[in-house]
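Q: I would like to learn how to read helices, sheets and chain contacts. Please take one structure as the example.

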Amino acid sequence: MKHPEAGEPVVEIERLTVRYGPTTAVDGVTLEVAAGTVFALLGRNGAGKTSLVRCLLGHRRPQAGGARLFGADVWRHRASLLSRVGVVPEQPDMPPAMTAAGLGRFCARLYPSWDAAFYAERLRRLSVPADLPCGRLSRGQKGQLSLSLALAVRPALLVLDDPTLGLDPVARRSILDELIDELAERHTTVFLTTHGLADIEGLADRVAILTEGRLLLDEPLELLRQRVRRIELRQPAAAVDDRWLDGLRPLAIERHEWGVEAVVAEFDEARLAQLEPALDAGAVVVSGLTLEEIFVSLAGEGKREVQS
Amino acid sequence: MRGLLAVVRLELERRWVYPALALAVGLLALAAPLLPGAAGQPPDDVREAAASALFWLVSVVFGVLLGASLFGTDLAEQRLGFFFSRPIRGWALWGGRAGAAAVLLAASAALVLLPAALVAQQAPRFTLFWSGGPLGLELGAGQWLVVPLVLMPGAHALRSLALARSRWSLGSAAAVLGVGMAVWWLGRGLFNDWALGPLAVAAGVLEIAVVVALVGGSAAQIMVGRASVERGQRALALVLWGVLLPATAGFAGWSAWVRGAGPGDLLSAPTVMPAPAGDWLVVSGPARRRAGYRPAFLLRPGPAEAIRLPAGDPFLAAAIGRPLPGFSADGSTAYWVRPEGHPFASPLELVVARLDASPPRPRPLGLFVGAAERLALSADGSRLARLASGLLTVEELARPDRSFARRAPDAGPDGEIWFGPGGGSLFVLERGCSPRCRVALHRVPLPEGEAETWLEIQGQAVWSRSAAGDRAVVSVVDPEAVPRLVTVDLVGGARAELPLPDGAGWIGRPLAGGGLLLQAAEEGARLMVADADGRKLLALSPVGGSLRVGGQPTPQSLLVVHSPTLRAGRGADWTLYRVDLETGDARPLGEDLWPVADLGQEPGSLGSRLLRDFSRRLYELDPGSLEVRLLLGAG
Amino acid sequence: MSLRFLVEPRDPRPIWRQIEESIQHRVAAGVLPAGSRLPSVRDLAQRLRVNPATVAKAYRRLAAAGVLEVARGDGTYVAQSPPRLHREQQAGALAEAARRYVSVALSLGAEPADAAEQLRAAWQELSAAGKEDG
């Protein structure tokens with residue numbers, strides 16, 4: 001089976017809608033992940049991430065819209081499509097009575113591309129006992145086993161549903177190292193959801209934020225970090241009105257004794273430069289935000305928009 | 001295919017403990033002869049019996065366990081996603097698991113039987129609860145299949161229902177309950193009508209529907225619902241309802257259609273019970289396209305008035321201890337019993353109907369009778385007597401408050417009761433052959449007074465009573481093997497021993513109008529008419545061959561069928577004659593026609609003129625024109 | 001050899017640029033002498049916890065600019081004669097970094113003297129470490 005060319009869409013989600021009774025979990029989401037991209041879907045608990053991933057893997061049929069993998073509808077062609085997909089679920093879901101070795105044999109029968117040597121070597125390296133029932137492994141070992149099962153498929157697409165959830169920092173670090181390894185070696189396309197934003201700060205090429213079932217944004221992380229900035233205006237609040245922020249799309253404005261602090265969504269150097277002559281030199285300090293801060297600001301804005 | 005095989009192998013690896021446990025249980029059966037109760041019996045038989053019992057235990061327990069954990073555990077622990085995240089098709093996952101579970105179940109069941117069979121050095125056998133003896137595997141397997149086909153998917157469906165706890169599962173639970181109740185209710189109706197054939201047909205179809213619903217439902221649950229409990233539950237519910245509700249509706253339709261059979265649907269009339277007088281009869285026989293169901297009707301063929309009797313063919317119902325329907329002597333009233341409630345222990349409610357009303361309206365009496373009860377209507381149909389275990393109850397049908405009860409002699413296993421002329425007394429004919437054959441006739445004055453025994457004879461007796469109820473004749477072979485003929489005047493109580501012509505054995509019956517009809521007991525083709533004192537008046541032709549006596553279409557005539565051969569049944573050249581009782585002339589009326597009833601019907605009543613052919617079609621003889629007309633039955 | 005720089009999450013510049021500039025500065029400062037070997041893309045990505053593609057991009061750009069040399073199948077080395085930073089390039093970068101530092105100092109409410117002292121201390125520490133490494 002050919003690997004998708006860089007830039008070719010691997011994941012296409014179109015107007016996907018999932019409802020549970022009267023509750024809409026995913027509301028008309030459209031997104032696309034190109035081959036070779038590390039795509040991170042962010043969202044708080046209950047934002048609809050898990051429902052979206054379920055549709056993406058063909059576990060669930062959406063009420064409207066659809067999901068395609070490698071260009072084919074995943075609900076209809078799930079089994080054949082998933083032979084090229086490695087999946088790490090939110091909760092490790094291996095049959096608890098099975099050993100890692102047994103799971104390896106099971107998967108070897110399922111996947112034409114199964115790399116048994118890699119799998120065995122990896123378990124040995126991470127000291128995951130191969131002959132112990134999965135149910136008796138530690139949380140971190142289960143996570144590693146889950147990732148090993150996904151990677152040994154030699155997948156064209158890795159789907160990771162919050163892979164570091166509930167792991168201690170060491171286990172989390174180890175999982176991320178493995179992921180980086182995989183990326184370095186094979187340029188695998190990755191679709192991941194996470195709540196640990198710090199973990200993916202340097203990893204994701206593209207991020208999307210899901211709030212209340214809708215996509216708040218979907219853009220390259222680089223661009224996002226460029227446009228969302230913190231501006232500190234070191235002048236007593238009374239001296240300036242807020243019009244200086246016009247056009248920068250302020251997300252949050254805080255007034256302090258020493259001046260005004262604002263997070264803006266559309267940072268524009270030129271506009272700020274126009275403003276600067278009117279202010280004391282050095283009174284404007286512009287800084288970037290961590291992804292976590294960006295997420296909190298934007299998700300908060302999204303919430304306001306939804307409420308109004 | 002790759003996925004299916006991988007799933008099967010995984011399941012077999014995962015659940016190897018089932019057959020291992022079964023083998024251990026089978027080895028346990030080898031120790032059965034050591035049990036205290038098994039002493040003195042052949043050890044091979046004891047082992048086989050123990051293995052049989054354990055076979056069922058293991059089959060049922062493993063069937064439930066395997067079924068409940070087929071997908072239920074994974075769904076409950078949200079682990080099914082593991083399999084749906086792999087390249088395994090839904091049908092392969094379902095089929096692989098269900099197939100592996102069936103294989104494990106079969107292997108486990110066989111392994112329980114194996115050790116005992118090896119020790120006994122014979123093929124494994126097992127006993128079914130109802131088979132009476134051990135069956136080979138090939139025979140028993142069909143019955144055993146209910147475990148993997150119904151029990152296992154049933155356990156899975158129940159577990160799924162319990163898991164989802166959505167409105168779908170509530171609905172499913174309600175549907176299952178509703179279907180169960182409907183099936184029980186409908187099945188009870190058919191059973192109470194003794195429509196066992198249609199019931200078996202319905203049961204077979206329902207069984208297939210249940211298997212299809214459960215197996216198809218669980219497949220749909222996994223293939224459509226995939227890892228989602230709720231969606232799977234919905235698919236399961238839709239298939240369950242989609243199959244079971246139409247199947248139940250079909251059952252209801254079938255049941256209604258079967259039970260809606262009219263007298264015109266009767267193909268033949270193997271059971272005919274004419275009223276002693278008048279033109280009503282109880283008739284029953286197989287109905288058209290109803291799987292052998294024999295509805296019963298109280299029928300008046302002329303104006304085609306009919307009342308459907310519950311409980312089907314009364315003769316078949318009598319075999320399970322239900323009282324036969326009956327008429328009053330004047331034919332104006334009929335009674336029957338109606339099973340109520342639980343089919344296996346139904347109380348039988350008495351129903352009466354005045355047949356002179358038009359249309360006759362059945363009246364449930366609110367009285368329930370037991371199986372051993374004797375019933376009789378008074379000649380005018382105003383009183384109903386019930387005798388059970390020496391307690392006689394007389395119900396005044398028009399004035400229930402005047403009903404009364406008293407002690408009375410018991411009728412014995414083959415006895416009967418009837419009201420004396422005028423209704424002022426009740427006769428109890430006590431008859432039975434244990435320990436020795438004996439006939440006794442007791443007269444019980446009503447409402448009170450000492451019961452008198454009018455007759456008591458040891459030996460084998462043929463008892464017959466005149467249509468008017470005033471005389472009875474007992475033909476008996478006493479313990480000394482001497483044939484005797486005794487008449488009893490049922491009005492005054494006088495009894496007389498009659499001389500037997502030729503000193504040979506004769507069976508006597510009272511003719512309407514006072515005479516006696518004598519038939520040679522050994523050579524049946526000799527008939528004689530005598531007066532009330534037994535004096536021979538006339539020998540009737542024909543003579544020789546086989547002969548049966550029918551009713552009296554007129555007081556002066558008698559129907560007789562005769563065959564020149566001694567063979568019985570179809571093909572014996574039976575000819576129906578009308579015999580003139582004054583001249584002895586016999587006039588042939590037709591071939592292969594039999595009178596339905598014999599003496600004891602009022603001359604001219606429908607019962608005295610009813611004929612039947614060998615296809616059990618029912619005919620009526622016109623006493624004037626002597627023409628025969630088809631009443632009932634398909635050509 | 002260690003590369004004691006961090007990818008600063010609050011830095012709005014793209015990560016590949018942060019890596020690129022750090023290496024360039026170190027080469028310019030002599031902390032990374034000519035011919036010294038850089039960690040592999042995977043190693044650096046793992047150390048910085050960034051996407052290997054990002055590191056690769058920075059390496060690619062530095063190689064194109066003549067700062068690094070890639071020996072096929074062997075590794076990545078600092079070029080024998082890496083181009084120096086332009087004066088204004090250096091000044092611009094310094095000014096931007098200084099603004100960032102001052103903004104942190106201001107938001108922490110530090111006195112200018114303390115801030116300057118910290119700057120000096122850091123300078124000494126890092127340059128000493130660089131010499132040891134070298």
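Q: How many residues does helix α2 of chain B have, and how far does α2(B) reach from its first C-alpha to its last?

A: This is a predicted model, in which local features need pLDDT of at least 70, side-chain atom pairs count only at pLDDT 80 or more, and totals for chains, interfaces and linings use all residues. Residues are numbered from 1 along each chain as its sequence is written, while chains are lettered from A and ligands numbered from 1 in the order in which they are written. Helices (H or I, at least four residues) and strands (E, at least two) are DSSP runs, numbered from the N terminus. The expected span of a helix is 1.5 Å times one less than its number of residues. Helix α2(B), residues 17–30, has 14 residues and reaches 20 Å, close to the 20 Å expected.

Q: Which residues of α2(B) are buried?

A: A residue is buried if 20 or more other C-beta atoms, placed from the backbone, lie within 10 Å of its own, exposed if 12 or fewer, and partly exposed in between. In α2(B) the buried ones are B:Tyr18, B:Pro19, B:Ala22, B:Val25, B:Gly26 and B:Ala29. They lie on the same side of α2(B), because they cover an arc of only 115° around the axis; the arc is that of the directions from the helix axis to the C-beta atoms. The face turned away from this buried side carries the exposed residues B:Val17, B:Ala20 and B:Ala24.

Q: What do the buried residues of α2(B) pack against?

A: Two residues are in contact if their C-beta atoms, placed from the backbone, lie within 7 Å. The buried residues of α2(B) pack against α3 (43–68) and α6 (90–120) of chain B.

Q: What is the order of the strands in the open sheet of chain A?

A: Two strands pair if DSSP finds at least two bridges between them. The 4 strands have the order β12-β13-β11-β14, with antiparallel pairing. β12 (250–256) and β14 (284–287) of chain A stand at the edges, each with a single partner strand, so one side of each has no neighbour in the sheet. β11(A), residues 229–233, pairs with β14(A) over 4 bridges. A:Glu232 has A:Val285 in β14(A) as its bridge partner.

Q: How many residues of chain B are in contact with chain A?

A: 21 residues of chain B touch 20 residues of chain A. The largest share of the chain B side, 7 residues, comes from α1(B).
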